[in-house]
Amino acid sequence: MSKKNGNFAPKILKIMHRNTEIERKFLVKDERFKQYAIRSQHIEQGYLCKEPEKTIRVRICDEKAYITIKSSQLREGLAKFEWEKEIAVADARELMQLCLPGVINKTRYILPADGRAEKRYWEVDVFAGRLEGLVLAEIELGSEEETFDKPEWIGEEVTGQAQYYNANM
């Protein structure tokens, strides 16, 4: 084996860790979060693939669109592999026609998670249509052990509960 081939594995690991998402998810008790929101956006998303270990999502956020692959196969614990690329909105609208039934519409509110050494944000999703009444909050973390303050409007933690994965709604 050449040195070049011997150095291949560490580069792959570095790339895989770059595409890691660690998030905690909570139900929201009430609308007090809205007073702290610094912005909001409308999101429409559908899934081209919804398997237990991986999903392929198409998302339109206001005037931008993305395709995202998520998987629990390459990570352990709360960490998930996530790869996302911006695509043209016209392409996303066309891909939406290929999505599985159950396209999701929601408004996402972005709120600063104060008191952080590294800047973090709460993302609060207020679902519309068939999911109206459901409100979920997520915070992305740098590690599973990272601590954070829970605002007064945060309710029960639902991290890891499959019924609260967008792909299962």
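A polar contact is a pair of N or O atoms within 3.5 Å. The exercises below apply this to a predicted model.

**Exercise 1.** Locate R24, decide whether R24 is buried or exposed, and identify the partner of its side chain in a polar contact.

*Solution.* R24 lies in strand β1, which covers residues 20-28. Its relative accessibility is 16%; buried means under 20%, so R24 counts as buried. The side chain of R24 is joined to that of E157 by a polar contact of 2.5 Å, and this value falls within the 3.5 Å cut-off. Setting aside residues up to four places away in sequence, R24 also touches others, including L78, A137, F148 and T159.

**Exercise 2.** Describe the largest nonpolar core and the place of A137 in it.

*Solution.* The largest nonpolar core has 17 residues. Those touching the most other members are V28, F33, L111, W122, V124, A137 and W153. Two or more residues of this core come from each of β1, β6 (104-113), β7 (120-127) and β8 (135-140). Beyond four places in sequence, the contacts of A137 include V28, W122, V124 and W153, and also R24. A second, separate core holds nine residues, among them I104, L131, L134 and M169.

How values were computed
Residues numbered from 1 in each chain as written. Predicted model: local features only at pLDDT ≥ 70, side-chain atom pairs only at ≥ 80, totals over all residues. Heavy atoms only, no water. Helix = DSSP H or I, 4+ residues; strand = E, 2+ residues; numbered from the N terminus. Buried < 20%, exposed > 50% of the residue type's maximum accessible area, 1.4 Å probe, protein only. Polar contact = N/O pair within 3.5 Å; in protein donor to acceptor, adjacent residues only side chain to side chain. Contact = heavy atoms within 4.5 Å. Core = buried A, V, L, I, M, F, W, Y, C linked by side-chain atoms within 4.5 Å.
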